[in-house]
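Trainee: I would like to learn how to read a few features of a model. Please take them one at a time.

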Amino acid sequence: MPDAATMEKIVALCKRRGFIFASSEIYGGLGSTYDYGHYGVLLKTNVKNEWWRAMLQERDDIVALDSAILQHPRVWEASGHLAGFTDPMVDCRTCGQRFRADHLQDLQCPRKPSKHPGEGPNCDLTEARDFNLMFETTMGPVKDSGATVYLRPETAQGIFINFKNVLQFSRKKPPFGIAQVGKSFRNEITPGNFVFRTREFEQMEMEFFVPPAEAQHWYAYWKQARYDWYVDLGLRDGHLQLREHDPDELSHYSSGTADVEYLFPATGSAGSAGGARWSELEGIANRGNFDLTQHTEFSGEKLEYFDPQTNERYVPHVIEPAAGADRATLAFLVDAYDEDELGGEQRTVLKLHPRLAPVKAAVLPLVRKDGQPELAREIFTWLRGRMQAEYDEGGSIGKRYRRQDEIGTPYCVTVDHQTLEDRTVTVRERDTLSQQRVAIEGLGDVLAARLAQPWRSPKDAPPTS
Ligand code: GAP
C-alpha cells in the first residue's frame, strides 16, 4: 500500500494542529524560518529528551555542555569555517533567483514552463561563486572589523574549545564524550522541504574523544548506536538506512563518515522536483585529531590528554554523531502520519512512538452531565502530575477521539456512567482502537507500563488476512 504521508499533508497537519508554522506570518513570513506551537514544542522536546536519555542517562561516559552561540571569531578561523564553509551558488540574471550550483537538477526555475534552473528558454545563469553560509553580526556599539562575530553554524566547535575545561571538572578520561543541544544558523542558499533545511535549526551533537588506536572501533560503535536509536523510536526499517560516504565525499580531515538517512517525501512547491528521496538525518564522522590540533595552534592552549598510568601524552581522536532536532522531528512526523477509515469516516492519525507523543493521555467525559466532567477533571488533575495529559469535554466523543488521534495521543481515558458506579474507566488505544476497562486506582500503573513497553510502528506490521 502506498504511504499516506506526503510533505504537503504533513505541512497542512502541522499548521492545522499548531505543531509548526511559518515564522513572522503576519508580516508575510521570513525565508524558511519556522515557529513551533504547543504540540510541536512538546514533540521536539521529547525528541531532544530521548537523545539526552541515550547520551547521559543510559551511560556514564558522556557529560553535558551548553556553550554560547556567539564565540570568538578565531574559533571559526581555526575550524576552517571562515575560509571553507561555503556552497557554490549561481544567480539567474533573468528571474533574480539564487540557486545552489550543485543542486540544479533538484531545483525548479520559478518561471513557466517548469524546468530546472538554466534549462528554461530565458534562463541566464552567472558563473558559480562560493558563498559563505555563516551569518555575520557585530558585537558591541562600534561597527568595525574587530567587532564582527558569527552566529555559530554548528554546536560542535563550542565543545572542542571547552575540551580542557570539561576534562578538568568531569574527571573523565578518553574514551569519553561531551554532548550539546542547541541552535545553529546557516544562511542556506536554497532552504526548503519544510523544516528539513532551514536557516535557523537545532542540533544534537556529541564529540567522543578516544585514544587514537581506538578510533575505528568507536566509529563503528557510534554508527550502529545512532542507527539503532531511530529504530528504537519507531522509524520503519524500510525507510531508514546507513550510508557510508564515498572517499570523494569526505571532508579533508575525516577518514570516515556515514549518514543515517531517511526516505523523506519531497514537495514540488518548496524548491525540489518532487518524489521521495533518501536524505541525511544525522552524520557520524571520524574526525581524527583535526579539531583539537587546530584549536591548539590558533589559541596556543594545549588540548591534549596526559595519561598518568602510562605517562603517555596524546591528542585524542574524535568520533562525532551530529543530528538535527528539527530534521528528526520531521522524520518522526512523516513516519507516523497515517490515514484510515473509521465508521465510514476518514481518520488522520499520528502513530508516534508513545514516548515521543506530545500528549500521553487525554481524559474525556462521555457526556457533559451526571457528574462525569467533575470526576474526569479529578482524574486528569491526578494524571497530569505523572505525564503530559489533556482534558477535553468539547464536542462529540468521536470528534474528540479524532482530535487526539491527529496529535498522536496514544491513550484516551473515557469517563462514562459506569465510572460513577464502579470507579472504572475505559482506556482506548490509538493504534489498535482496542478499549479496556481499568480501575481508576490502577490507571497510572497501566499507562506507565504501556508507555514503557517496546514499540514498533503499526505501519510496519504485516497486513492481517
Ligand atoms: N558538526 C558537524 C555538522 O554540523 P552537518 O552534517 O552539517 O554536520 C549535522 O549537520 C546535522 O544537523 C544534519 O545531519 C542535519 O540533521 C542538521 N542540519 C544541518 N543543516 C541543517 C539545516 N540547514 N536545517 C536543518 N537541519 C540541519
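Trainee: Does Asp259 count as buried or exposed?

Mentor: Some ground rules come before that. This is a predicted model, in which local features need pLDDT of at least 70, side-chain atom pairs count only at pLDDT 80 or more, and totals for chains, interfaces and linings use all residues. Residues are numbered from 1 along each chain as its sequence is written, and side-chain values use heavy atoms, with hydrogens and water left out. Buried means under 20% relative accessible area, exposed over 50%, and partly exposed in between (1.4 Å probe, protein chains only). Asp259 has 4% relative accessibility and so counts as buried.

Trainee: With which residue does Asp259 form a salt bridge?

Mentor: Side chains of opposite charge can pair when their charged atoms come close. The term salt bridge is used for a side-chain nitrogen of Lys or Arg within 4 Å of a carboxyl oxygen of Asp or Glu. Asp259 pairs with Arg243, and their closest N and O atoms are 3.8 Å apart. This pair links distant parts of the chain, 16 residues apart: Asp259 is in strand β12 (residues 256-264) and Arg243 in strand β11 (residues 240-244). Strands (E, at least two residues) and helices (H or I, at least four) are DSSP runs, numbered from the N terminus. Arg243 is partly exposed, at 26% relative accessibility.

Trainee: How far apart in helix α2 are Arg53 and Glu50?

Mentor: They are three residues apart in α2 (residues 38-57), so about one helical turn separates them. Arg53 and Glu50 form a salt bridge, with 3.1 Å between the closest N and O atoms. Glu50 is buried at 6% relative accessibility, while Arg53 is partly exposed at 26%.

Trainee: How many salt bridges does a search of the whole structure find?

Mentor: The search finds 42. Another one of them joins Arg347 and Asp340 (2.9 Å, N to O). Arg347 is buried, at 1% relative accessibility, and Asp340 is partly exposed, at 23%. Elsewhere, salt bridges that share partners join Asp3, Arg236, Asp335 and Lys459 into one network.

Trainee: Which residues are closest to the ligand?

Mentor: A residue is near a molecule if one of its heavy atoms lies within 4 Å of it. Here 20 residues surround the ligand, the closest being Glu154, Glu188, Thr198, Glu205 and Glu280. A polar side-chain atom of Glu205 is 2.5 Å from a nitrogen atom of the ligand. β13 gives the most to this shell, with five residues.

Notes: Polar contact = N/O pair within 3.5 Å; in protein donor to acceptor, adjacent residues only side chain to side chain.
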